[in-house]
Amino acid sequence: MNKEQALQLLLKLLSPFQDTIWVHESVIKELMSILRNSGAEKRVFDLLVARLKSLQDYWNHACDQREFELLGGGIYSMHIAAAGMNIRILYAFADSKAYLLHAFYEREGKNHTDYTGKVKLAQERLDELKD
């Protein structure tokens with residue numbers, strides 16, 4: 001699927017969650033950049049919807065599932081692994097909503113991803129929302 005089709009599909013899939021889960025505009029751009037020319041858009045989006053349903057149903061108890069974890073400072077991580085993709089989406093809770101704040105491709109092995117800068121960016125985006 002081309003970039004515009006993928007973007008439209010993503011926005012359509014996110015719309016049912018708009019009352020409880022807010023998505024920072026940068027997360028959309030980050031996801032689209034990660035998925036560019038991968039051919040994995042549909043599979044990743046299906047998993048994203050499944051994760052969002054779990055998040056909506058269980059909130060902070062979603063961390064009882066292995067795809068979610070608390071990183072600290074009120075920032076959580078959601079893991080999406082499909083078709084060779086290893087994506088993390090950082091999120092937080094505020095004002096009775098979940099806020100998706102930062103998406104990135106997680107590296108594995110010896111050069112695994114350091115979360116320090118990622119958590120800091122997510123926290124900055126959350127602080128923007130509170131101002």
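Strands β2 (residues 68–72) and β3 (residues 75–82) run antiparallel and are joined by four bridges. Helices (H or I, at least four residues) and strands (E, at least two) are DSSP runs, numbered from the N terminus. This is a predicted model: local features need pLDDT of at least 70, side-chain atom pairs count only at pLDDT 80 or more, and totals for chains, interfaces and linings use all residues. Residues are numbered from 1 along each chain as its sequence is written, and side-chain values use heavy atoms, with hydrogens and water left out.

Gly-72 stands opposite Ile-75 in β3. Two residues lie between the strands of this hairpin, and Gly-73 takes a positive phi near 65°.

The open sheet has five strands in the order β1-β5-β4-β3-β2, with mixed pairing. Two strands pair if DSSP finds at least two bridges between them. β1 (21–23) and β2 are the edge strands, each pairing on one side only. Neighbouring strands are turned by 35° against each other on average, direction ignored. Axes are lines fitted to C-alpha atoms, for helices over the stretch in contact, and angles run from 0 to 180 degrees between N-to-C directions.

Helix α4 (residues 116–130) lies across β1, β2, β3, β4 (85–94) and β5 (97–105), at about 145° to β5. Contact means heavy atoms within 4.5 Å.

A nonpolar core is a set of buried (under 20% relative accessible area, 1.4 Å probe, protein chains only) Ala, Val, Leu, Ile, Met, Phe, Trp, Tyr and Cys residues joined through side-chain atoms within 4.5 Å.

| Core | Size | Residues include |
|---|---|---|
| Largest | 32 residues | Leu-48, Leu-55, Met-78 |
| Second, separate | ten residues | Ile-75, Ala-92, Ala-122 |

How values were computed
Buried < 20%, exposed > 50% of the residue type's maximum accessible area, 1.4 Å probe, protein only.
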